[in-house]
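Student: Could you show me how to read a model of a protein chain, one feature at a time?

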Amino acid sequence: MSGGRGHYAHEVHSARTALSWQDEGACRDQDTNEFYLGPTNSTTTTAKKVCAGCPVLEACREWGIAHEPYGVWGGMDEKERVNERRRRVRYARAERDRAAAEQPAQEERAAS
Ligand code: SF4
């Protein structure tokens, strides 16, 4: 059978590449508990302060929104990421609906 381990190796490589920005993170020498104790814990504020000065904040934030259910990533806590995911879904739906609404008008212009 082909592909099994090769596919796995590709996924591992992709994950490492995707997370290579972590080597530059301002939190790399921090206590990770500060980033994982929940949105109501005061240490979340400490974590967000570290993130505010981080050179890889944007990459980390996008990773966190896409992949991470817990902790502070890119200056956003769990609840903020849930809200951002919902906002993006609403935006994508609105864009899809807008495009669908414009299509008949475009077809009408093209036919005339
Ligand atoms: S943005 Fe915050 S959590 Fe992400 S790497 Fe930087 S300091 Fe760490």
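Student: Which residues is Val72 in contact with, leaving aside its neighbours within four places in sequence?

Tutor: Two residues are in contact if their C-beta atoms, placed from the backbone, lie within 7 Å. By that rule, and leaving aside neighbours within four places in sequence, Val72 is in contact with Phe35, Thr44, Ala47, Lys48, Cys51 and Asp77. This is a predicted model, in which local features need pLDDT of at least 70 and side-chain atom pairs count only at pLDDT 80 or more, while totals for chains, interfaces and linings use all residues. Residues are numbered from 1 along each chain as its sequence is written.

Student: Which residues make up the largest nonpolar core?

Tutor: In soluble globular proteins, nonpolar side chains tend to be buried together. A residue is buried if 20 or more other C-beta atoms lie within 10 Å of its own, exposed if 12 or fewer, and partly exposed in between; a nonpolar core is a set of buried Ala, Val, Leu, Ile, Met, Phe, Trp, Tyr and Cys residues joined through C-beta atoms within 7 Å. Here the largest such core has 7 residues, namely Phe35, Ala47, Cys51, Cys60, Val72, Trp73 and Met76. Of the 112 residues of the chain, 12% count as buried.

Student: Why does Tyr36 count as partly exposed?

Tutor: Tyr36 counts as partly exposed because it has 15 C-beta neighbours inside 10 Å. Tyr36 sits in the loop between helix 1 and helix 2, where helices are DSSP runs of H or I with at least four residues, and strands are runs of E with at least two, numbered from the N terminus. Leaving aside neighbours within four places in sequence, Tyr36 is in contact with Tyr70 and Gly71; the C-alpha atoms of Tyr36 and Tyr70 are separated by 6.6 Å, although these residues are 34 apart along the chain.

Student: How many helices and strands are there in the chain?

Tutor: The chain has 4 helices and 0 strands, and helix 2 (42–52) and helix 3 (57–67) each supply at least two residues of the shell around the ligand.

Student: Where in the chain is confidence lowest, and where is it highest?

Tutor: The predictor's confidence in each residue is its pLDDT, from 0 to 100. The mean is lowest in helix 1 (residues 4–18), at 51, and highest in helix 3, at 95. Where pLDDT is low, the predicted coordinates should not be read in detail.
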